[in-house]
Amino acid sequence: MMRKKIWLTLLAVGSVLALGGCGKQGESAQKQSREIPVVQKDIFAMDTYMSVTGYGERAEEAVAASLQEITRLDKMLSVGNPDSEISVINSEGTGSISRETAVMVEKALEVGERTGGKFDITIFPLMVEWGFTSGEFRVPEQERLQELLEQVDFHQVDFDSEQGTVTLEAGQGMDLGGIAKGYTSDRIMELFREYGLVSGVVTLGGNVECFGTKTDGSYWNCGIRDPFDESELLGAVAVKDSAVITSGAYERNFTDEKTGQIYHHIIDPATGYPADSGLVSVTIVSKSGLLADALSTALYILGEEKAVEYWRQYGDEFDMVLMTEDKRVVVTEGIAERFTSDYEVIIAGAED
């Protein structure tokens, strides 16, 4: 049966699970795996549990370097750290940024432009107002949301890539949380290459990125959590050298005590309210974790029809798995043959 119980306690906090090591291997493959040193270590950073696993002679060094990199990037980007690059800009309205942050800002602005503003790094004031940055959740007054919406506009961000500076309009705030973990997993892949690893995988909450294949040469099998039953999988996709990143309403949410209504953290920059697009889960598969992270949020807000339209235009960069409120699963044709599910699957692009 495809829909098996999730048994990895640590990884269960994420919406995508790296299950590549769970499948059966032949005797020779098992022997090969035993001969290749493997190191796996965990860390809590960027408000989520993370796990880094490396295979190779220098796996110990590579994994240690990866944990250091995660910690460094977390300090540099966290809006909860008053000394981070992002916090300084939010406080002062302007500031210098590192080359790495510039890469993230540039990609974020590009995805924002391509998606008609559905990915907007100036969403920060709205996230604060809803309490998603502090954990002190509340439903804002409509009037207050309208005030804040006037400040949410990535077009107003003055980004000078040559000088490495960012300037915001008065009242604006920036948050790279929707793209930072994707960049981080890409950096870990670079470290794995630098240390000459054979194979590896990193899980950052709902983000998974796989280095190469498994040690026996087979693809990693990444399971996607079922939004309607978090102990089950809606499906799994086989990948190599790819990021598999999911956004879902079930990841972070709260229930209004007065009305019983559930509000999730994926805020639509156009309305100021949690996105109500008809989708409950969006998984992006791409060679770039940076891109996949941003798109999983943006396409969730866009909804099924516009997400498929976006894929038709930029499908050479990614593939995706969508799940709708009425439990339909839509998979793009680029990964259709590598995707398995007990749900009925609709293949986008097959009719072209």
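Mentor: Helices (H or I, at least four residues) and strands (E, at least two) are DSSP runs, numbered from the N terminus. It's a predicted model, where local features need pLDDT of at least 70, side-chain atom pairs count only at pLDDT 80 or more, and totals for chains, interfaces and linings use all residues. Residues are numbered from 1 along each chain as its sequence is written, and side-chain values use heavy atoms, with hydrogens and water left out.

Trainee: Is methionine 46 buried or exposed?

Mentor: Methionine 46 sits in the loop between strand E2 (38-45) and strand E3 (48-55). Its phi is positive, near 50°, and it isn't a glycine. Most residues other than glycine have a negative phi. Buried means under 20% relative accessible area, exposed over 50%, partly exposed in between (1.4 Å probe, protein chains only), so at 14% methionine 46 is buried.

Trainee: What is the relative accessible area of aspartate 241?

Mentor: Aspartate 241 is in the loop between strand E10 (229-239) and strand E11 (243-248). This non-glycine residue has a positive phi too, about 45°. Aspartate 241 counts as partly exposed, with a relative accessible area of 34%.

Trainee: Which element gives the most to the lining of the largest pocket?

Mentor: A pocket is an open set of points on a 1 Å grid over the protein atoms alone where a 1.4 Å probe fits, with protein on both sides within 12 Å along at least five of seven lines; lining residues have an atom within 4 Å of a point. The largest one is lined by 48 residues, with Gly177, Gly178, Lys181, Arg252 and His265 nearest its centre. Elements giving two or more residues include E2, E3 and helix H8 (289-302). The top contributor, with 4 residues, is H8.
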